[in-house]
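Dear colleague,

I am handing over the structure below, and after it you will find notes on what was found in it. Please read them with the coordinates open beside you.

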Amino acid sequence: MHHTIKLGKNEKIIPLRVSYEIVGSGRVDSDEIESEDVAGSIVFFTRVVDGIEILGGGSVIAVLFASDLTPIGFDFDWSSYNTTNKVQEIAGLSEVYGRVSALSTLKNEADKIEFKRVDFGYYDPGVRDRDPMAYVQPSVAIDYVAEFGAKNDEKDPDLQEETYTTAAYVDYIPIGRTVEEDTMWPQAIQLRNEGDQSVDSKLSHALPLDRLIQGLGIED
């Protein structure tokens with residue numbers, strides 16, 4: 001069976017990331033790994049529209065390779081987009097900052113929050129989570145890691161706390177000044193129902209403002 005990925009006007013495919021499957025071996029009575037090999041890899045691609053990247057699980061192509069780089073598999077989530085005459089203005093810095101602080105999954109529950117990535121683009125969650133009647137709208141993707149429980153005792157850094165855990169999150173926050181209806185996007189639903197808000201939290205204090213400013217194209 002042959003599959004064809006169709007590109008619309010002003011659309012391009014770009015590399016996204018590479019994931020490797022590593023296998024290793026070693027002695028059972030030692031922590032030392034004696035050998036490691038790449039058993040396979042997956043190369044992911046995504047789509048850009050008018051130079052703007054698609055965020056989320058939609059618009060993703062995955063090509064699987066064996067250890068000898070022979071392609072052995074292919075998967076994709078790829079819908080066709082139609083252009084509309086709607087113009088959606090982007091919200092200002094204070095609005096986006098408030099939305100991230102109010103609509104993200106975690107606020108004060110974690111002891112520490114570290115941001116890994118802040119990306120701007122159009123949000124498409126993928127075929128399983130997509131509202132087929134909704135527009136693809138501008139969003140900021142917030143990728144962060146949260147720590148729960150003290151990792152080290154402050155007075156004795158060598159004393160490890162056994163109960164601490166970490167968890168990774170990615171939240172997609174709508175950044176259009178006006179947000180269109182999307183029955184499958186929790187943050188868009190909350191924003192349309194409750195309006196713009198701001199929450200003072202550990203997450204809001206950890207937000208990298210410089211990356212928000214850069215992503216919004218705000219000049220000094």
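Which residues does Val100 touch, not counting residues up to four places away in sequence? In this model, which is predicted, Val100 touches Val140, Ile142, Ile173, Leu203 and Leu207 under that condition.

Before going further into the packing, a word on confidence. The chain has a mean pLDDT of 86, and 88% of its residues reach 70 or more. Confidence is highest in strand β3 (residues 52-55), at a mean of 95, and lowest in helix α3 (residues 202-206), at 82.

The core

Val100 belongs to the largest nonpolar core, which has 25 residues, and it is listed with Val96, Val140 and Ile142 as the members that touch the most others. At least two residues of this core come from each of α1 (93-103), β6, β7 and α2 (186-194), and β6 gives the largest share, with five residues. As general background, nonpolar side chains tend to be buried together in soluble globular proteins.

The strands around β7

Strand β7 (residues 137-148) is mostly covered, with 10 of its 12 residues buried. On one side of the pairing pattern, β7 runs antiparallel to strand β6 (residues 112-123), to which 11 bridges join it, and within that pairing Asp119 has Ala141 in β7 as its bridge partner. β7 also pairs in the antiparallel sense with strand β8 (residues 165-174), over 10 bridges, where Glu147 stands opposite Thr166 in β8.

Gln137 also lies in strand β7, and with a relative accessible area of 2% this residue is buried. The side chain of Gln137 is joined to that of Gln88 by a polar contact of 2.9 Å. Leaving aside neighbours within four places in sequence, the contacts of Gln137 are Gln88, Gly121, Tyr122, Tyr123, Val179, Glu180, Glu181, Asp182 and Trp185.

Salt bridges

The count of salt bridges comes to 10, and Arg177 takes part in two of those that I describe here. The side chains of Arg177 and Glu89 meet in a salt bridge with an N to O distance of 3.6 Å. Because Arg177 lies in the loop between β8 and α2, and Glu89 in the loop between β5 (71-77) and α1, this pair ties together parts that are 88 residues apart in sequence. Arg177 counts as partly exposed, at 40% relative accessibility, whereas Glu89 is exposed, with a relative accessible area of 53%.

The side chain of Arg177 also meets that of Glu95 in a salt bridge, at 2.9 Å from N to O. Glu95 lies in helix α1 and Arg177 in the loop between β8 and α2, so this pair ties together parts that are 82 residues apart in sequence. Glu95 is partly exposed, with a relative accessible area of 23%.

A further salt bridge is formed by the side chains of Asp196 and Arg99, at 2.6 Å from N to O. This pair links distant parts of the chain, 97 residues apart, since Asp196 is in the loop between α2 and α3 and Arg99 is in helix α1. What is the surface exposure of the two partners, buried or partly exposed? Asp196 is partly exposed, with a relative accessible area of 41%, while Arg99 is buried, with a relative accessible area of 2%.

With kind regards

Methods
Residues are numbered from 1 along each chain as its sequence is written. This is a predicted model: local features need pLDDT of at least 70, side-chain atom pairs count only at pLDDT 80 or more; totals for chains, interfaces and linings use all residues. Side-chain values use heavy atoms; hydrogens and water are left out. pLDDT is the predictor's confidence in each residue, from 0 to 100. Helices (H or I, at least four residues) and strands (E, at least two) are DSSP runs, numbered from the N terminus. Buried means under 20% relative accessible area, exposed over 50%, partly exposed in between (1.4 Å probe, protein chains only). Two strands pair if DSSP finds at least two bridges between them. A nonpolar core is a set of buried Ala, Val, Leu, Ile, Met, Phe, Trp, Tyr and Cys residues joined through side-chain atoms within 4.5 Å. Contact means heavy atoms within 4.5 Å. A polar contact is a pair of N or O atoms within 3.5 Å; within protein, one must be able to donate a hydrogen and the other to accept it, and residues adjacent in sequence count only if both atoms are side-chain atoms. A salt bridge is a side-chain nitrogen of Lys or Arg within 4 Å of a carboxyl oxygen of Asp or Glu.
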